[in-house]
Amino acid sequence: MKLVTAAQMRELEQAAVAAGSSEAQLMEEAGLAVAQEAWMLLGTLEGRRIVVLAGPGNNGGDGLVAARHLFDWGAGITVYMPKGHRREDRLEEIRKREIVLVDGREDADQVALDAALMGCDLVVDALLGIGQARPLDPGEPMAVALDKLAAARSGYQPPKLVAVDLPTGVNADSGAVDAHTVEPDMTVTFGLPKVGMYQAPASAVLGKVQVIDIGIPKAAQEAVKLELLTSRWVRLNLPKRPEDANKGTFGKVLVVGGSRRYAGAVQLAAVSAYRSGAGLVTVAAPERVAGLVAGAAPEVTWLPQPETPSGGLPGETAIALRDEWLQFSAAVVGPGLGDDAEIRAFIWASLPDLQDAANGVVIDADALNALASLPDGPGRVPPNAVLTPHPGELARLMQTTVADVQSRRLAIAGEAAAKYGCTVVLKGAHSVIATADGRTSLSPFANPLLATAGSGDVLAGVIGGYLAQGAAPFEAACLGVYLHGATGEALSEDYGAAGLLASEIAARLPKVVKDVASP
């Protein structure tokens, strides 16, 4: 599913006009869809009282069209315009039907608004949609109207609420949410979903989302590069599992990491690679780590390595593994490595060799911190790599702050992919997957249950497993991100929002894959 910015949506609307539609026709389609969704939400319109909050622009015009249809179908309608409306032709259709029409500029004390909201059954928020350019100032007419709506929604027998295109106050691009925004029961959005709808905090204040086709040409939509990951995409891109396969068919994964302090990380990554379908998984870790965790994962084979006094891998491990990468379809480097001079030396020396893992390599966790410390790091990353940073790690990779990363997640993920010349997964709520050539996908999932130690090791192992099975780096990253998130959603039914162990994500993964593969 494609996602668009506000500017892109306006361009698509212009493409529809150029293809033969008119602005009036697009508005008619949008308003009719809102009216239909409102009807379905209420179940019946006879005797129902509906308030349409209409802004001065096109979003308000959509609301006026919805008001006209709802009135024609039997509802009692009040149209309240906090700042009036620019389109006299739209207002004339309302006046012809003798629909109650209130200009908020003549209702200074909001007496008419209070009366309209009292005991109404449904409110249509058609104030701004994607047209908001700045935060609402307390006391301005639209902010006051929203505050009155919020009070009605928190009272006894609150009205249902439908938002037109976006709830007023939600930024279509960044996902920022205004303090005056009121969460609807349903958001009816037009053409294509907006980028901000799938970024926090906006994703939590949309209610049910309905995407309505208003006649945007398919050819124009194809030019949009940003996509929302869907179960259908995953189903079409899962590696095939032929009946005559053997373990070699599904690839071999080498996991490199582990230290005395983080012994379990390599086990989580290795088991997760198996759970995603890899045929054979081998772990290269300090000898003591291998001894500690080998019994908990008997399916894993081991390449025990010497360790430093601090319990990690020495820089010379790069030489010991130089001939090993060629033996594996994919690799995962970083889980539990630790962070010291020896690790940085190991990563610096190993980076050119990682391209020998034929299908690609996941660079994760402490390997990313080591990479960020290398002045020539970007030039040493192989193009078949997948970097999997959380916001703090990406801030180090891009020499910026976590606040900067979180304020522009989509943009900075793309910048990192271009800088390092590979695929980047920016983890977190609605993880972002970006490539050096500009492809970007967004995860539909934001789930606090997955915010647990080891969850990232599981994701790295899953991506490594899909690389081993032949998925290209971008596709492997998208598969891993979606299925990791979908597993969290499935586990939420049992756990709620807290208490999950990372090992339980790996254990549940195959069932989720099965459900997605055969819906």
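Glu 140 is buried (under 20% relative accessible area, with exposed meaning over 50% and partly exposed the range in between, for a 1.4 Å probe and protein chains only), its relative accessibility being 13%. Its side chain meets that of Arg 134 in a salt bridge, a term that requires a side-chain nitrogen of Lys or Arg within 4 Å of a carboxyl oxygen of Asp or Glu, at an N to O distance of 3.1 Å; Arg 134 itself is partly exposed, at 44% relative accessibility. The model is a predicted one, in which local features need pLDDT of at least 70 and side-chain atom pairs count only at pLDDT 80 or more, whereas totals for chains, interfaces and linings use all residues. Residues are numbered from 1 along each chain as its sequence is written, and side-chain values use heavy atoms, with hydrogens and water left out.

Over the whole structure, the search returns 25 salt bridges. Among them is the pair of Glu 415 and Arg 408, whose closest N and O atoms lie 2.7 Å apart; Glu 415 is partly exposed at 34% relative accessible area, and Arg 408 is likewise partly exposed, at 29%. Another joins the side chains of Glu 475 and Arg 439 at 3.2 Å, N to O. This pair links distant parts of the chain, 36 residues apart, with Glu 475 in helix H19 (residues 473–495) and Arg 439 in the loop between strand E16 (432–434) and strand E17 (440–442), where helices (H or I, at least four residues) and strands (E, at least two) are DSSP runs numbered from the N terminus. Glu 475 is buried, with a relative accessible area of 18%, while Arg 439 is partly exposed at 38%. Salt bridges with shared partners also connect Asp 72, Glu 93, Lys 96 and Arg 97 in one network.

Neighbours within four places in sequence aside, Ile 347 is in contact (heavy atoms within 4.5 Å) with Val 333, Leu 337, Ala 367, Ala 370, Leu 371 and Leu 374.

Ala 150, located in helix H6 (residues 141–153), is partly exposed, with a relative accessible area of 32%. Its C-alpha atom is separated by 60 Å from that of Trp 302, a residue 152 positions away along the chain.
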